[in-house]
Amino acid sequence: MKSFKEVQEMLGLTKRKIQLCEDEGIAIKPTNRNKYGHLVYGTKEIERLWFIKLLYELGYKKEEIKEIISPENLNENLLLKKLIKELD
């Protein structure tokens with residue numbers, strides 16, 4: 001589990017960028033809290049942010065990213081990744 005600040009530093013994203021992604025429904029909002037009541041990010045939330053960062057760096061726009069990570073497409077993407085690994 002990582003704090004918001006640790007996630008920011010690890011990913012090189014601004015606080016505002018992470019918050020925008022969460023508010024837009026692109027990123028997964030964390031639900032777990034530490035003993036002080038601060039939100040903490042688990043593996044699932046961090047991996048989604050890494051994926052979003054990669055897509056932004058590849059030049060995808062916010063609306064395209066929303067489509068790519070929609071539940072029906074995300075499952076297809078995971079399936080394609082698995083198939084590609086099997087071909088290697």
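**Entry 1**

I began with lysine 29, which is partly exposed with a relative accessible area of 46%; buried means under 20% relative accessible area, exposed over 50%, and partly exposed in between, with a 1.4 Å probe and protein chains only. Aspartate 23 is exposed, at a relative accessible area of 54%. I looked up the pair and found a salt bridge between lysine 29 and aspartate 23, in which the closest N and O atoms are 3.6 Å apart; the term stands for a side-chain nitrogen of Lys or Arg within 4 Å of a carboxyl oxygen of Asp or Glu.

I note that the model is predicted, that local features need pLDDT of at least 70 and side-chain atom pairs count only at pLDDT 80 or more, while totals for chains, interfaces and linings use all residues. Residues are numbered from 1 along each chain as its sequence is written, and side-chain values use heavy atoms, with hydrogens and water left out.

**Entry 1: glutamate 24**

The side chains of lysine 62 and glutamate 24 meet in one of them, at 3.6 Å from N to O. This pair links distant parts of the chain, since lysine 62 is in helix 4 (residues 62-68) and glutamate 24 is in the loop between helix 2 (15-23) and strand 2, 38 residues apart. Helices (H or I, at least four residues) and strands (E, at least two) are DSSP runs, numbered from the N terminus.

Lysine 66 also forms a salt bridge with glutamate 24, with the closest N and O atoms 3.2 Å apart. Lysine 66 lies in helix 4 and glutamate 24 in the loop, so the pair ties together parts that are 42 residues apart in sequence. Lysine 66 counts as partly exposed at 28% relative accessibility, and glutamate 24 is partly exposed at 33%. I then found Glu24, Lys62, Glu63 and Lys66 linked in a network of salt bridges.

I traced three strands that form an open sheet in the order 1-3-2, with antiparallel pairing; two strands pair if DSSP finds at least two bridges between them. Strand 1 (2-3) and strand 2 (32-33) are the edge strands, each pairing on one side only. Strand 2 pairs with strand 3 (residues 39-41) over two bridges, and the bridge partner of arginine 33 in strand 3 is leucine 39.
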